[in-house]
Amino acid sequence: MYLLKKIIFILSILSYFNGYCQLKITGIIIDSDNNIKLPSVKITNVKTETTVTSNQKGYFQLTESGTYSFKKVGYISKLVSLKMGSNYVIQLNLNPNQINEVVIFGNHIPKKLKKSTASISIISSKEIEYSNNLNPVSILNKTPGVFMQTGALSTNRITIRGIGSRNLYGTSKIRAYFKDIPLTNGSGETNIEDFELGAISRLEIIKGAVSSTFGAGLGGTINLIPKQGVFNKQAINNEFLLGSFGLVKSLTSLNLSSKFNSYKMVYSNTHSDGYRENNKYNRQTFTLSSSHFFKKKDELVFLTSFVNLKAFIPSSINKTNFVNNPKSAAFTWKEAMGFEDSKRGVLGLSWHHQFNTNIKQVTSIFTSFRKSYEPRPFNILSETTLAIGIRSRLVGNGKLFDKTINWTAGGELFRDTLKSETFENLYEEYPPNTGSIKGNQLSNFKEKRNYYNMFFETNYDILDKTTLSIGINLNKTSYTLKDRFPIEENNPDQSGTFKFKTIMSPKFGISQSLFKNTNAFTSISHGFSPISLNETLLPDGQINTNLNPETGWNFEVGSRGTAFDNKLQFSISIYRLNIKNLLVARRTSEDQFIGVNAGKTQHDGIEVALNSPLISKKNFKINCSTNLTLNNYKFKEFIDGENDFSGNNLTGVPSKVFNAIIDINSNSGIYGNLNFQYVGKIPITDSNTLYSNSYNLTNCKIGFKKNLNKSLKMNIFIGLNNIFDTHYASQILINATSFNDSAPRYYYPGNPVNYYSGINFNYTF
């Protein structure tokens, strides 16, 4: 009897606590783009005006049902109706006009952008929406220090602070990640332009060799943050777009989510006939991102993206055709009907686990593939790449001598295998308009490319207003080449192994709070760029083991913050990047290059960005932003064969870039923007005997949004690019060599004035 009474008593106590717990509202507040948990969010009951604040891990607890406002500086306020006994995931969207206050994750240690010791730029979802979402060139070129050249939708080159300018085709020496999945292959080459911009919520660009946690690349890192599903919401979005040069694009996105599970799927289909000859473009993409919260300690993130692309290649043209017939394709590329046919995909799974209030672990496993077939006039290239890897880190915080310390430590292991074959292109032996015809095999290689990064970085508040940042990265890279082509007199065996020495790249930085809303920073950091295996091959087929990777030290001071009662947001950076072992691609034939360490470069620059609301009324807002990039990049020491180019300007980078952007928003649904850009002249040859002309571009977009009913929203827009029909070179092929007595082909003509228009419907169910 006594035992029975005791059991009843215990059950009643448990029942009481269970009922008490159910009379609560609990939840977590996160950044809608990258699921960073947001601390110190003010949560106010609209009716009673009582306010609580989320803790340092973004968690909150309430005791009364009602409508609550969630406010945090740097984010757009949000109203949410909450019910007792329920758990919630609340997502806040970034406020583009308060970027400095936004929490970033550039080094895996959450902090406000203005307190960073690195130069970081954020491109928000609003900026992506207001641009022409066919190609990232229009948004990247609004970012100080970043310059993207585009010869066609599939032909691009990105440089950051001059790094990557000497790469003839594509982007190299700049690292890129799709969330935690590397987009940079084992040879240091990066391709981001084929990703669907409509599936990207924002980009974080870390400029210079300052990121220990992302491989310490000389140029920096571009992080693509995919759109996340909105929790507890079901919606479908359809967009249809038409434009100049036969442009047709459709985009469909689907949001399926519950309280703790979200799915975001995006499919797009893009076709363009192109401005130039042999310029057709077809691309289909599919992106899936999902997040799953399990209680308070665990989160799973699944991410996959697939791209199917076929793009014809007009290539570069000589000056005569550039001036008189810019629509023309290079003659041989037109006759061969050269194109790129590729399929690529990435797949990743991340597990986030909170051990306790001080330590969190994030582990990601990933794989990617690329299969391409590219007929060129000189041969036909067939390649298949398969990559696998794992990336894991610990993120922690605590106290050291009663001062806050935040840290992260981890590693990344990456391996990719490339199978590459070339064949004769027999197009000249067939009637015109036949296109490329595969002939005999010319080469057959298999490359295995491996690297690992180990990293550690910490931020320590040595004083109340002073933060010290210290980081280190260890990298080991190796290549193995197997020549599977039959050995002949003119085809020596090129098999071999190339291993770099372990490279250690340290970083030191200090952030100092000057005033309430202004911080200054300074940093010293080391970085490197790996050599591709192709660059190590000598003409006799042997591997040149005497080559060294490019390495450099970055010195930088800057400031960011707000002034005039938060009416002006600003950032300024002054830097010097010294690089040694400059790697030069010396051309030995139309499709053969060898790498040579030829000297040193010095990259001096100033980057300034200003943002200010000109008019900020309740029903109408006009925002103005400007940025300026001034470069003085020099060959400090550059001897290539018998030529001494020391003291000349670095090839392939404009000396000045200026942007001015005006954004308009109104409660009536009308929105728009106007963008003016000036690009200075670009050195085309190392001798500096030839420069491209400077040019101005003006683009605009205007739209109208309207809620047709509670569930259906409409968005109509029209855009105009190159309004004043400027004739300019949108990409330069530096140091082009003439073959068969033809003039060098330096120029990719930019598109003349062109338009696009579209309509978007969003239905919530």
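At 3% relative accessibility, Glu 607 counts as buried, where buried means under 20% relative accessible area, exposed means over 50%, and partly exposed lies in between, with a 1.4 Å probe and protein chains only. Before I go on, this is a predicted model, in which local features need pLDDT of at least 70 and side-chain atom pairs count only at pLDDT 80 or more, while totals for chains, interfaces and linings use all residues. Residues are numbered from 1 along each chain as its sequence is written, and side-chain values use heavy atoms, with hydrogens and water left out.

Let me stay with Glu 607. Which residues does Glu 607 pair with in salt bridges? Its side chain meets that of Arg 161 in a salt bridge at 2.9 Å, N to O, a salt bridge being a side-chain nitrogen of Lys or Arg within 4 Å of a carboxyl oxygen of Asp or Glu. This pair links distant parts of the chain, since Arg 161 sits in the loop between strand S12 (155-160) and S13, Glu 607 is in strand S37 (residues 599-616), and the two are 446 residues apart; helices (H or I, at least four residues) and strands (E, at least two) are DSSP runs, numbered from the N terminus. Arg 161 is buried because its relative accessible area is 1%.

Glu 607 also forms a salt bridge with Lys 207, with the closest N and O atoms 3.3 Å apart. Lys 207 lies in strand S17 (residues 200-207) and Glu 607 in strand S37, so this pair ties together parts that are 400 residues apart in sequence. Both Glu 607 and Lys 207 are buried.

Across the whole structure, the search finds 22 salt bridges. Another one joins Arg 344 and Glu 340, at 3.3 Å, N to O, and these two residues are likewise buried. They belong to a network of salt bridges that links Asp 194, Glu 340, Arg 344, Arg 370 and Glu 383.

Now a buried charge of another kind. How far is Lys 142 from the nearest side chain of opposite charge? Lys 142 is buried yet has no salt bridge, and that nearest side chain, Glu 127, is 6.3 Å away; here Lys and Arg count as positive and Asp and Glu as negative, with His and the chain ends not counted. Lys 142 is placed in the loop between helix H3 (137-140) and strand S11 (146-152). Not counting residues up to four places away in sequence, Lys 142 touches Asn 627, Asn 659, Ile 661, Asn 673 and Asn 675, contact meaning heavy atoms within 4.5 Å.

Lys 173, between strand S13 (171-172) and strand S14 (175-178), has a positive phi of about 70° although it is not a glycine. Asn 688, in the loop between strand S41 (670-679) and strand S42 (695-707), has a phi near 65°, again positive in a residue other than glycine. Lys 173 is buried at a relative accessible area of 18%, and Asn 688 is buried at 17%.

Finally, the surface. A nonpolar surface patch of about 840 Å² includes Leu 349, Tyr 452 and Met 504; patches are made of residues with over 30% relative accessible area and no salt bridge, like charges being joined within 9 Å and nonpolar side chains (Val, Leu, Ile, Met, Phe, Trp, Tyr) within 5 Å. Accessible areas come from the Shrake-Rupley method with a 1.4 Å probe, and for residues only the protein chains shown count as cover. Strand S28 (438-463) and strand S29 (466-483) are the elements that give two or more residues to the nonpolar patch, and S28 supplies the largest share, 3 residues.
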